[in-house]
Amino acid sequence: MKYGVNTIVWTNRVDEGCASLFTKIKKWGFDGVEIFISPDEPADPARIRKMLDAAGLELTTGTVIPRNANLVSPDAATRAYGIEFLKKCLDRTAEMGARLICGPMHASLGLMTGARRTQQEWDWVVESLSEVAQYAEDLEISVCIEPLNRFETYFLNTQADAARLVKDVGSKYVRIHFDTFHANIEEKNPAESLRSIAKALGHVHISENDRGIPGTGHTDWKAVLSVLNQIGYDGWLTIESFAKPEPSLAAAAAIWRDVVPSGDALAKQGIKFLKQVAAELDDERRIASQAKKRKASTTKKKASRKR
């Protein structure tokens, strides 16, 4: 697995001023960053790629769909713009040399109808994402769809529904984006829900149960990382939360207070904690393997003496 951090921890917009931030991120032990993108952001993709190369960082991207591009809109023109919006985000992702885009690419963040999802809305999203998937296949970019908690969307909340959506779209380039914060709210057992989507899993976001620093809440991190190891996941573990989000994002994600002291603290303490848990699991597996070998050796010796 590779360790990443979303630059939204510090800022919604990535520009030349982030060069020093990229250097710090690499120094703290991250393998890459995730950048929030839109058809217009970042303004200079080539420049950002050079900055990342200079810092020795890989890249994934993430996006959310604005209200005028909502894929569950009853207005066909709005849905059509949503498809074009995502295609442009894929173009921007490709320009920066990334091979994965993630996020709730189904419905606009925070938009509610006051009713349950309908079959017609489901069909609209499947149809739209199928067209986006064909475009992504040409660019060889994975599109990872994120289910959110019920307070941020009514359309896609659980891993089971995300798996059904991915199956209905039917493209190897469309996979599931698992987020520990949302799973903590919507799943009876987040780690086991993760195991249930093993074959469709494409990306993982790391955030504590209160969106704070990993390891400071009640999320069972050992269980989550253990399942990821068991299912052979070798993708990204990307820390994502918000130190001081912009007003529009804060409103959509219902963030009304500071959940972390700073973006730097979230990133530094978060990766230190995750690597510590990973090391503990490695030690446990090594001890268990050694015990298994000793038991096998003892059994073999006993069998030999009996002969």
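Glu84, Lys87 and Glu131 are joined in a network of salt bridges. In this predicted model, the structure holds 15 salt bridges. A buried arginine, Arg79, has no salt bridge, and the largest nonpolar core comprises 82 residues.

**Salt bridges**
- Glu58 and Lys2 form a salt bridge through their side chains, with N to O at 3.2 Å. This pair links distant parts of the chain, 56 residues apart, with Glu58 in strand E3 (residues 58–62) and Lys2 in strand E1 (residues 2–6).
- Glu58 is partly exposed at 39% relative accessibility, and Lys2 is partly exposed at 27%.
- Arg47 and Glu16 meet in a salt bridge at 3.7 Å, N to O. Arg47 belongs to helix H2 (residues 45–55), whereas Glu16 lies in the loop between E1 and helix H1 (19–27).
- Arg47 is partly exposed at 33% relative accessibility, while Glu16, at 52%, counts as exposed.
- In the salt bridge of Arg286 with Asp283, the closest N and O atoms are 2.2 Å apart. About one helical turn separates the two residues, because they are three residues apart in helix H10.

**Arg79**
- Arg79 is located in helix H3 (residues 76–95). The nearest side chain of opposite charge is that of Glu127, 5.5 Å away.
- A polar atom of the Arg79 side chain lies 2.7 Å from the backbone oxygen of Ser73.
- Beyond four places in sequence, Arg79 touches residues including Asn70, Trp124 and Ser128.

**Nonpolar cores**
- Among the members of the largest core that touch the most others are Phe22, Phe30 and Leu228. Helix H10 (residues 263–306) gives the most to this core, with eight residues.
- Another core lies apart from it and has nine residues, among them Leu148 and Phe242.

Technical notes
Residues numbered from 1 in each chain as written. Predicted model: local features only at pLDDT ≥ 70, side-chain atom pairs only at ≥ 80, totals over all residues. Heavy atoms only, no water. Core = buried A, V, L, I, M, F, W, Y, C linked by side-chain atoms within 4.5 Å. Buried < 20%, exposed > 50% of the residue type's maximum accessible area, 1.4 Å probe, protein only. Helix = DSSP H or I, 4+ residues; strand = E, 2+ residues; numbered from the N terminus. Lys, Arg positive; Asp, Glu negative; His and termini not counted. Salt bridge = Lys/Arg side-chain N within 4 Å of Asp/Glu carboxyl O. Polar contact = N/O pair within 3.5 Å; in protein donor to acceptor, adjacent residues only side chain to side chain. Contact = heavy atoms within 4.5 Å.
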